[in-house]
Amino acid sequence: MAIIEVKVPELSESVAEATLLQWKKKAGEAVATDEILIEIETDKVVLEVPAPSAGVIAEIVEDDGATVTSGQVIARIDTAAQAAAAPAPAEAPAAAAAAAPASASKAGVAMPAAAKILAENQLSASAVAGTGKDGRVTKGDALLAAVAGGAKAAAPAPTPAAAPVAQAVAGERPEQRVPMSRLRARIAERLLQSQSTNAILTTFNEVNMGPVMALRKKYQEKFEKQHGVRLGFMSFFVKAAVHALKQYPIVNASVDGNDIIYHGYFDIGIAVGSPRGLVVPILRDADQLSFAEIEKKIAEFGAKAKDGKLTIEEMTGGTFSISNGGVFGSMLSTPIINPPQSAILGIHATKERAVVENGQVVIRPINYLALSYDHRIIDGREAVLSLVAMKDALEDPARLLFDL
């Protein structure tokens, strides 16, 4: 017998522990090398744990929902049992399934948060119609299936010992109690921390997006043909933010005890919505990135967030953040600072407004900007002037090209 241990991947220093979601294999089933055995949820990302070797699952050490740490043993694989397991009638289906090539379709595959809900309610992902990318089952799909009682689920009835944590109440007014995911609990913790430890104020301004829209329209086709990515508005906001942060370094600083840390680099966090909740991947050295590089990176972050593939490293750090509520139709909001940062820019939906220019009422595409800042280290003057600097850069985009 040759036993190989399956361990929790190395977590970053900022992540103390993680939660096992749902085992994809049971003890006694065959696995192939690099086949995904389970997903592990941290407060930042979901990590996949592949089989380090082919064989048969000899033991599941930690069950679904267990809290684990870096390097902890969660299962053991008997590599010597692989050859013996294959001919056995009971093992053949499992071995064949392990060896079968992965289908291009994701139908019947549940996102991490959805998988947990389905497991708690004894539902099968294959019996739930997924509305996510490539037919993936999202958290919303899982909740609807659970509330409906899993009428289409091909799963055995739960035993008394396996009663689900989340239960739908029968009747016309159903309710469901679902435990917070580790990410959602962490988001709640950090938001409360931000509000209780920072002296948060928000300053507002409006920006005429006409010049940016005209520039984008003029070069959109050539830009996409040259760089293989669409020219969006976010790259302009990132460039405008960096432009202002260079002029007012305190807005790019952070607090550490009684010290103020001035960062000589510009790592911009981009708030992105995902099926698991809000995540903030980081654009490293944004001042050194071109418009095309920013757009490509943001598109990559969006795709990874949707599929739960963002890494811990991609969401660690950051000196300033940008939150775009405009993609959801928000007209105005007061964004909350992402600790230990000291400021965050909120951008919103661009709408045509009647404004006065040189004594005349004209129609302009207006976007309302909101800068929330930590008043402990950032005075109102620096906050207001930095937001004005962003406004000026956006209303005259040539400033961004010539660093004026």
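The legends below describe several close-up views of one predicted protein model.

Because this is a predicted model, local features need a pLDDT of at least 70 and side-chain atom pairs count only at pLDDT 80 or more, whereas totals for chains, interfaces and linings use all residues. Residues are numbered from 1 along each chain as its sequence is written, and side-chain values use heavy atoms, with hydrogens and water left out.

**View 1. The protein as a whole has ten helices and 19 strands.** Helices (H or I, at least four residues) and strands (E, at least two) are DSSP runs, numbered from the N terminus. Of the 404 residues, 43% count as buried, where buried means under 20% relative accessible area, exposed means over 50%, and partly exposed lies in between (1.4 Å probe, protein chains only).

**View 2. Helix α6 covers residues 210-227 and bends at Y219.** The expected span of a helix is 1.5 Å times one less than its number of residues, so the 18 residues of α6 should span 26 Å, which agrees with the 24 Å between its end C-alpha atoms. The bend at Y219 is about 55°, taken as the angle between axes fitted to the seven residues ending there and the seven starting there. Just after α6, G228 takes a positive phi of about 75°.

**View 3. The buried residues of α6 are V212, R216, Q220 and F223.** An α-helix has 3.6 residues a turn, so residues three or four places apart point the same way. What covers the buried residues of α6 includes α7 (234-247), α8 (291-307) and α9 (380-395), with contact meaning heavy atoms within 4.5 Å. The charged end of R216 sits over the ring of F233, 4.5 Å from its centre; the criterion is that NZ of Lys or CZ of Arg is within 6 Å of the ring centre and within 35 degrees of the ring normal.

**View 4. Strand β8 (residues 73-78) pairs with β1 and with β6.** Two strands pair if DSSP finds at least two bridges between them. Five bridges join β1 (residues 3-7) to β8 in an antiparallel arrangement, with I4 standing opposite I77. Four bridges join β6 (residues 55-60) to β8, also antiparallel, and here V56 has D78 as its bridge partner. Five of the six residues of β8 are buried.

**View 5. An open sheet of four strands has the order β5-β4-β2-β7, with antiparallel pairing.** Because β5 (46-50) and β7 (67-68) stand at the edges with a single partner strand each, one side of each is left without a neighbour in the sheet. Two bridges join β2 (residues 18-20) to β4 (residues 36-41), and the partner of L20 in β4 is I40.
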